[in-house]
Amino acid sequence: MTPERFRQIEALYHAAREGTAEERAALLAQADPELRREVESLLIETAGDGFLDRPAIRNAPHLLEDSTLTGLAMGACLGRYRIESKLGEGGMGEVFRAIDTRLGRAVAIKTTREQFSARFEREARAISSLNHPNICILHDVGPNYLVMELVEGETIAARLKKGPLPVEEAIRYARQIAAALEAAHETGIVHRDLKPGNVMLTKSGAKVLDFGLARLEGDQTLTAEGMVMGTPAYMAPEQREGRPTDPRTDIYAFGWVLYEMLTGDQVTLQRKRIRARKLETIVSRCLEEDPARRWQSAAELQRELAAVPRLSRGLNVAAVSAHRAPKLTPKNKIVLGEFENKTGDPVFDGILRQGLSVQLEQSPFLTLVSDQQVQQVLRYMNRPPETRLTPEVAQEICERTGGTAVLEGSIASLGSQYVLWLRARNCLTGDILGQEQAKAERKEEVLDALTRIAVQIRARLGESLATIREHSIPLEQATPSLEGLKAYSAARSALFARGFAAAIPHLQRAIAIDPQFAMAQADLGFFY
Amino acid sequence: MLKAWGSGDEAALGRLAEQVYPELRRMARRYMKNEAEGNTLQATALVHEVYLRLVDVTNVQWQARAQFFAIAAQMMRRILVDAARTHGSRRRGGIPAKVNLDESAVLSPAADRSILAVDEALTAFSRVALRQAKVVELRYFGGLTEEEIVASLKISPRTARRDWHLAKAWLLRELSQVTGKPSEA
């Protein structure tokens, strides 16, 4: 922006702000559209947000003292709240029982280690307007803590450790959760992280916790495309893929919660069929991949739940296996498709696919279609060697090489964390054979997470745990260095695209980065 | 020393800054600790306190005092930004939390918007509007009053107020814009 432009904005802003409503409208109408938009966007912000009016140091009491949060001992005060005891600890902070000294009531306080943004505070205030018997009320928002209704009971997740819920009870809670969703959706708030761990079962019924906070959290860091917030296992496809979410996103997650309550089973891709037909219909329609095919509103869902016949409620709904996808048998061939990098960070380009192949090559149970074969088939297909292995291309390669399945994966950022996702698909029938997700708290743990999902997917594909244990050297033991793996990956692609000579400098680089990198050493020895 | 600075001695300013920075930092720590424990000490700016501590007020002209505050506000900004950075990096370098898919992603820690983001947005803003950005530095980071800002920047009270209004709206808008910054065309 040029200084003149700024001066124009400044002049119009002050004139408009200081004038009467009519003067303001007239002034804005005269301005060019660009200028007008700019000034209007500033005038909206004047609506007032106290955050900049407090000196910075007041916004940052914890910054210089790292022990602040763990040091929240009994009797300590956060604003007007006196800490009484610690209720628990989450990945993000701690939860305390506290007394609101002004109102004399007990509350729960969730602290985080980082400051909330002004926007978080603003939107959290909107959420605090949610007042429904089945929603845990958000009372107040501090600079780095949330004050919530103190809800006593256990979460559905905790309850499920003792097995499935009786059908009557599951349906009753499900209706209450649906009512909570309806109330929130009506005010435009979507939960985005509904799951058994976020629903408390209390004496007075189900209470949904942490409404809408997943998205707020997302807003603090959401910058790159493809970032997702929420808990991967319960995420609707649109949310997982970073597409816009709406109330139907919650309906999807609700489907899993209901399924888990009824069956006691954890979320899995090969879910069992629920015997009671009406309930099966309700659940399966919640879990439709396409939002347009799900129940369209929580209200609709409530009506369906109310209509579950009493008769079937009494039946044992213990789910029966259904749609179990055929597992692989030894010697089945697998094509490694693309491992899509949605993080925007080039360090992950290529290396995760390479890392995965290193992991899977260890399995005596699976045979990977080698990169060399892939290159050969690409030539038959009249495609250049560097063709991206999109699902379609990978499937064709799989068919042409007589393979059984295609593995495809992706990595996306989740705030400062990463989510890795891996799926195996039968390339003849299109059936999904297995799907796994893992989270890495930071970049250095991505390879570790990759090892974990590789192991999980091997189990999903039917490999016995014993052989996995025997043949699974964690990637970090191959090389702990992302850069080293990247050089190794470059060597592999250079090898198939341009021959041995082209691969050698990359291998040398990999070894220079990590002299202990045995695979790179071995390859280099082989080429020389 | 401050008097020497007041008369334009650059070296004196450097020596003063050397003294002020650690003192301000120490006080900031103490202040935040108290604040975090729920004992709000006082609303006055720390820069006032450090000023009282370091200089003999009675012998100094108002103008020098205002300049001192401007420097101290800048330092305060640096202290807070540094603290936010080390706070963030210490967390990242700490013992990794157990990964658990059931773990709530709610409240997942994120970048420190309040300090680092304001600092960043303010730096960008200062490229188009230096004076207005200075007003924010003095007021938000330095905790100075309008009167002190007026003296320090040699502007009229009305300009100080208008600058503050615009700067606040501007920064809030930038901070709420999660993606893309059309105004940085």
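Q: A residue is buried if 20 or more other C-beta atoms lie within 10 Å of its own, exposed if 12 or fewer, and partly exposed in between, with C-beta atoms placed from the backbone. On that scale, why is A:Asn382 called exposed?
A: A:Asn382 has 7 other C-beta atoms within 10 Å, so this residue is exposed. The model is predicted: local features need pLDDT of at least 70 and side-chain atom pairs count only at pLDDT 80 or more, while totals for chains, interfaces and linings use all residues. Residues are numbered from 1 along each chain as its sequence is written, and chains are lettered from A and ligands numbered from 1 in the order in which they are written.

Q: Where is A:Asn382, and what is noted about its phi?
A: A:Asn382 sits in the loop between helix H15 (371-380) and helix H16 (391-400) of chain A. Helices (H or I, at least four residues) and strands (E, at least two) are DSSP runs, numbered from the N terminus. The phi of A:Asn382 is positive, about 60°, although the residue is not a glycine.

Q: What makes B:Lys154 count as exposed?
A: Around B:Lys154 there are 9 other C-beta atoms within 10 Å, and B:Lys154 is therefore exposed. B:Lys154 also lies in a loop, between H7 and helix H8 (157-176) of chain B. Its phi is positive at about 55°, although B:Lys154 is not a glycine.

Q: Why is A:Glu445 called partly exposed?
A: A:Glu445 has 18 C-beta neighbours inside 10 Å, so this residue takes the middle class, partly exposed. A:Glu445 belongs to the loop between strand S14 (432-440) and helix H17 (446-460) of chain A.

Q: What makes helix H14 (residues 351-361) of chain A mostly covered?
A: Of the 11 residues in H14(A), 10 are buried. Among them are A:Ile351, A:Arg353, A:Gln354 and A:Leu360. For chain A as a whole, 45% of the 528 residues count as buried.

Q: How do you know which side of helix H12 (residues 298-306) of chain A is the buried one?
A: The buried residues of H12(A) are A:Ala298, A:Leu301 and A:Leu305. They span an arc of only 55° around the axis, so they are on the same side of H12(A). The arc is taken from the directions from the helix axis to the C-beta atoms. Exposed residues A:Arg303 and A:Ala306 are on the face of H12(A) turned away from the buried side. The buried residues of H12(A) are covered by elements including helix H7 (167-186), helix H10 (247-263) and helix H11 (277-286) of chain A.

Q: Why are helix H1 (residues 3-18) and helix H2 (residues 21-30) of chain A called roughly antiparallel?
A: H1(A) and H2(A) pack at about 155°, with their axes 7 Å apart. That angle makes H1(A) roughly antiparallel to H2(A). Angles under 35 degrees count as roughly parallel, over 145 as roughly antiparallel, 65 to 115 as roughly perpendicular and the rest as oblique. Axes are lines fitted to C-alpha atoms, for helices over the stretch in contact, and angles run from 0 to 180 degrees between N-to-C directions. A:Leu12, A:Ala15 and A:Ala16 of H1(A) meet A:Arg24, A:Leu27 and A:Leu28 of H2(A). This contact of H1(A) with H2(A) has 5 nonpolar, no polar and 1 charged residues.

Q: Why are helix H6 (residues 130-141) and helix H7 (residues 146-153) of chain B called oblique?
A: H6(B) and H7(B) pack at about 135°, with their axes 10 Å apart. The pair is therefore oblique. The crossing of H6(B) and H7(B) is right-handed. A crossing is left-handed if the near helix is turned anticlockwise from the far one by less than a right angle, and right-handed if clockwise. B:Arg131, B:Lys134, B:Val135, B:Leu138 and B:Arg139 in H6(B) meet B:Ile149, B:Ser152 and B:Leu153 in H7(B). Their classes are 4 nonpolar, 1 polar and 3 charged, where Ala, Val, Leu, Ile, Met, Phe, Trp, Tyr, Cys and Pro count as nonpolar, Asp, Glu, Lys and Arg as charged, and the others, Gly among them, as polar.

Definitions and conventions. Contact = placed C-beta atoms within 7 Å.
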